[in-house]
Amino acid sequence: MLKTKKTLLTLALAAGTSGFVVAETEPDAVTASDDQVEVIQVRGFASSLFRSLDAKRYSDIVSETISADDLGALPDVSMADALTRLPGVSAVRTGGQAAEINIRGMSGGFVFSTLNGREQVSTSGKRNIEFDQYPSELINSAAVYKSPKASLIEGGVAGTVELETASPLRNAEQHTFTVNLRGMKNDRASEVPDGQSVGHRFSFSYQGKYLDDTLGLALGYARLYQPSVATQFIGLAYNAQKDVTGNDQMEFLSEGFEIQHRGGEETRNGYLASVEWTPVSNFTLKADAFLSRFDKEAFARGFRVKLGGASAAVGNPVLNNSSVIGGTFNRTSQSFTRVEIVNDDNRDFNKVNSFGINADWDVTDRLNLSLDVSRSTASSDFRNGLLWSLVAEDANADVPVLDTNVSISYLLNGLNLPDMGFNQAAAFSDIDRVMVSKYGIYPYVNSDAVNAYRLDLSYELDLPVLRSIEAGVRYSERRYSNDRSVFEYGSDGAFLSSQPPLRLTQDMVSVVDFKGKFSYFPSYLAIDLDKALNAWFPQGVPQPVQTWGSGNPDVINSPTPGVGPNYSWSMQESGRVFEDVLAAYLMVNLDTEIFGLPLRGNAGVRRVHSDQSATDLANVAGDPLQGAQFIVDEVGLINGRYAPGIIGDSYTHYLPSLNLNLGLTDNTQLRFAAAKVMSRPPINRLASNTAIFISDDGEVSGNSSNSPFLRPFEATQYDLSYEVYFPAGAFVAAVFYKDIKSFINDFTIQEFDFKGAGFPVPDQIINEDGVPRATFDGAFSTAVNNDDGGYIRGLELAYTQVFNFLPEFWSGLGVSGSYSYTESEVSLVNPLGGDPVPMSFEGLSKEVLTATLFWEYQGFETRVSARYRSPFVSTQIGIDEQVTNFHSETVVDLQAGYQWNDNLKFLFQVNNLTDEPTKSYFGQQAQTGTLQFFGRQYYLGAVYVF
């Protein structure tokens with residue numbers, strides 16, 4: 001039987017919490033005077049809380065921990081949900097599910113994550129992993145390290161999240177099987193056409209020990225099938241200007257808005273295998289593998305309203321400062337004001353693989369060596385198929401004509417749904433008026449992989465202050481690739497004779513009504529994408545390609561010179577990133593006394609050398625002396641304007657760290673930590689991909705926000721915490737301060753002079769029908785490293801208490817909660833709402849509050865959890881990603897369970913109990929961003945352990 005050192009908290013738990021079920025142990029196993037005793041397990045939610053407090057108390061850094069009774073015992077849908085229970089941790093919901101976490105007011109891009117101590121890559125194309133791809137059933141514990149130490153891998157300015165899978169040789173039982181089965185239902189699915197309401201979760205795990213407990217095996221499988229539904233309004237950015245009041249002042253106009261039903265299905269299959277071998281007492285070899293397959297199929301159906309910009313006729317404008325938030329927009333010959341009926345189908349296929357092998361050798365009683373080799377890979381194939389429909393005067397005409405009599409009236413109502421009216425409303429559900437005008441598909445295919453090699457050494461010292469010394473070296477090679485491609489047919493703003501619109505038939509469509517709060521919006525035609533495409537392309541639907549486009553002015557062999565689309569962005573946004581990192585550290589562990597009080601901790605420094613580079617297409621205007629080459633795309637078009645190459649940068653950082661823990665009494669301690677930290681830019685931001693785009697109506701836009709010369713975020717941080725532990729709980733108060741030295745500043749310039757900046761922009765474009773359209777300047781987005789930093793500082797309070805002193809019936813009543821207050825002087829500028837307005841750091845909520853009330857008695861347990869976060873800045877998805885202000889939200893979850901016997905437990909859960917929506921706005925609440933309603937999710941199931 002595995003022996004562990006008994007902590008005071010665990011002893012107190014064993015002796016003083018009569019309301020808990022205690023696992024069977026040997027009669028003489030528990031005595032407070034023993035140095036080595038068996039750990040007594042107290043089952044239930046309180047058990048995991050106390051183990052988490054125990055881990056926090058004896059950690060040598062500032063940290064928070066979640067633990068489970070057994071592999072497969074965490075109740076949360078994903079690790080993102082589980083982590084939001086920790087102080088200072090909040091989540092950004094995607095489709096109603098927690099996906100990205102924020103720590104201490106900083107977004108996921110500043111969070112570094114490891115699995116079993118190894119760096120993990122992501123399917124997102126960024127560095128922050130998507131925690132919803134990690135089934136909680138396959139994770140044994142999770143920790144958030146808020147202060148670093150030299151031995152931890154660098155990369156988290158906000159913090160580091162460490163996920164751990166099971167160690168089978170540490171399992172208390174010889175063999176453990178866990179089976180978990182739950183059905184689920186979403187109560188809003190009936191509002192969404194073709195929305196699925198029922199899903200399920202299933203998991204199986206096994207841990208076993210063999211050969212006299214020298215060989216351990218852990219296996220796990222977890223499956224999640226869940227519907228995803230939402231009804232939403234999304235306002236689009238204010239990217240045009242017009243004098244709408246006649247006062248010779250320019251007001252800002254929104255591009256438009258979307259009203260949609262969203263639905264789909266998410267299927268996640270996770271696999272875990274771990275083998276642990278200890279042939280002799282001083283050597284352990286462990287190999288583990290983790291795989292996740294997460295596939296999403298989603299649709300979006302409804303309207304996309306394009307107001308027409310500065311060329312539209314605007315009547316009765318309603319202003320919020322200088323931004324138009326209401327009025328009547330009428331189409332002119334130049335404005336392209338229209339209502340698009342959208343039927344989009346998106347498919348996202350994600351793969352995550354993590355493999356590692358670790359050898360741990362106690363060479364002597366004092367010297368330990370650890371060697372670790374790992375590989376982490378991730379890939380994503382995202383295919384967004386978009387189907388546009390427009391209103392015709394008569395869809396049955398031999399030559400259909402677009403109905404250009406378009407009038408749109410609307411008035412935003414802040415955080416409530418807007419008022420609006422359409423003169424074409426009756427036509428949106430009329431098969432004799434609606435025609436499919438365009439199909440487009442724009443895949444993002446990316447892959448990411450890191451190979452890492454690590455050697456660590458520790459040596460126990462016999463010195464009065466220095467308990468031990470640690471040193472190590474780590475080398476990693478990371479390779480990222482991104483490939484874009486495109487296929488388009490037709491136009492989203494007109495009917496083309498060369499690519500004529502599709503006449504719909506009854507078997508392709510169904511009339512959809514909005515329900516609930518959205519019931520006053522017009523009905524529309526939902527179109528079966530596959531049937532429409534098969535009718536439109538009877539010889540087979542063409543596939544997307546990476547191409548310059550026949551209309552690119554630099555293509556030397558175009559079949560239609562100067563006519564057709566320019567898809568150079570699909571070439572320029574495709575590329576490779578290379579990142580090699582060599583890190584080494586030296587750290588001493590401290591154990592001494594000061595004024596008679598015990599002091600422990602560590603001090604060290606980590607040296608990090610980074611070499612980053614990316615493939616590049618330099619615009620040398622076709623000059624062969626500057627390296628211009630003929631570059632052939634996937635369809636054989638040749639462009640001689642660019643010089644291909646690899647460009648990059650290298651740099652070295654020294655990251656000192658100090659962690660001290662002073663024991664004031666047996667149950668109170670004071671922590672202090674200081675460190676210099678860094679977070680590298682998202683891996684996709686290191687690509688070199690300056691590109692411009694020209695829309696069907698001639699608007700020129702561009703993007704150069706990525707560069708291999710971007711440097712990391714840097715900060716110096718300090719932590720101070722006071723911790724009090726008592727037999728049935730704990731109280732922790734902490735303050736922190738981060739002095740950010742630099743960050744990446746993203747900004748957008750409206751009406752950018754592309755020609756003046758040297759971009760090859762034609763005076764006009766000619767569409768597929770040979771109709772010329774004059775080009776005009778739009779927005780250009782870019783980024784630079786900004787030396788102007790600033791502070792982030794805050795306060796954290798956490799309290800846990802089991803009221804075991806109450807009468808027996810109530811002795812299992814308890815509460816666990818935390819409060820965080822964070823503020824920052826870092827102020828960024830967001831122009832998407834019109835007038836540039838200052839905004840906080842992305843992800844920063846001034847206040848985050850979590851609270852859980854739980855009760856356990858004779859096998860029955862229930863708990864209610866609430867998570868509140870005040871307003872924050874994050875990204876919403878409109879036509880493109882848009883940075884907006886998100887309104888405060890409170891998410892409430894309920895869970896109840898009954899332990900039928902030693903093996904079987906029944907569970908009931910409700911997630912998002914109050915059906916909390918997501919709401920956002922552009923700078924001020926009057927300028928609506930997102931209003932998205934997801935519904936409640938109900939779970940009913942059982943866990944069987946044997």
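**A short tour of a predicted model**

Hi everyone, let's start with Phe 233: leaving out residues up to four places away in sequence, Phe 233 touches Phe 257, Glu 258, Ile 259, Leu 412, Leu 417, Pro 418, Met 420, Phe 518, Thr 928, Gly 929, Thr 930 and Leu 931. By contact I mean heavy atoms within 4.5 Å.

Before going on, a word on the source. This is a predicted model, in which local features need pLDDT of at least 70 and side-chain atom pairs count only at pLDDT 80 or more, while totals for chains, interfaces and linings use all residues. Residues are numbered from 1 along each chain as its sequence is written, and side-chain values use heavy atoms, with hydrogens and water left out.

Back to Phe 233. Together with Phe 257, Ile 259, Leu 387, Tyr 439 and Leu 504, Phe 233 touches the most other members of the largest nonpolar core, which has 58 residues. A nonpolar core here is a set of buried Ala, Val, Leu, Ile, Met, Phe, Trp, Tyr and Cys residues joined through side-chain atoms within 4.5 Å. Buried means under 20% relative accessible area, exposed means over 50%, and partly exposed lies in between, with a 1.4 Å probe and protein chains only. There is also a second, separate core of 46 residues, with Leu 83, Val 144, Val 161 and Leu 844 among them.

Now to the strands. Helices (H or I, at least four residues) and strands (E, at least two) are DSSP runs, numbered from the N terminus, and two strands pair if DSSP finds at least two bridges between them. Which strands pair with β18? Strand β17, residues 338-362, pairs with β18, residues 367-391, in the antiparallel sense over 20 bridges. A hairpin of four residues joins β17 to β18, and Ala 359 has Leu 371 in β18 as its bridge partner. β18 also pairs in the antiparallel sense with β22, residues 444-460, over 16 bridges; there, Ser 376 stands opposite Val 450. Then comes β21, residues 434-441, antiparallel to β18 over seven bridges, where Gly 385 is partnered by Ile 441.

In α4, residues 529-536, the buried residues are Leu 529, Ala 532, Leu 533 and Trp 536. Why are they on the same side of α4? Because they cover an arc of only 95° around the axis, taking the directions from the helix axis to the C-beta atoms. The buried residues of α4 pack against β17, β18, β21, β24, β25 and β27. At the N-terminal end, Asp 528 caps α4, with a side-chain oxygen 3.1 Å from the backbone nitrogen of Asp 530.

How many residues of α2 are buried? In this helix, 11 of the 13 are, including Phe 45, Leu 49 and Arg 57.

Last, two single residues. Thr 267 sits in strand β13, residues 256-280, and is buried at 19% relative accessible area. Phe 294 is 27 residues away from Thr 267 in sequence, yet 5.7 Å away in space, C-alpha to C-alpha. Gln 133 lies in the loop between β5 and β6 and counts as buried at 3% relative accessibility. The side chains of Gln 133 and Thr 123 are joined by a polar contact of 2.8 Å. That term means a pair of N or O atoms within 3.5 Å; within protein, one must be able to donate a hydrogen and the other to accept it, and residues adjacent in sequence count only if both atoms are side-chain atoms.
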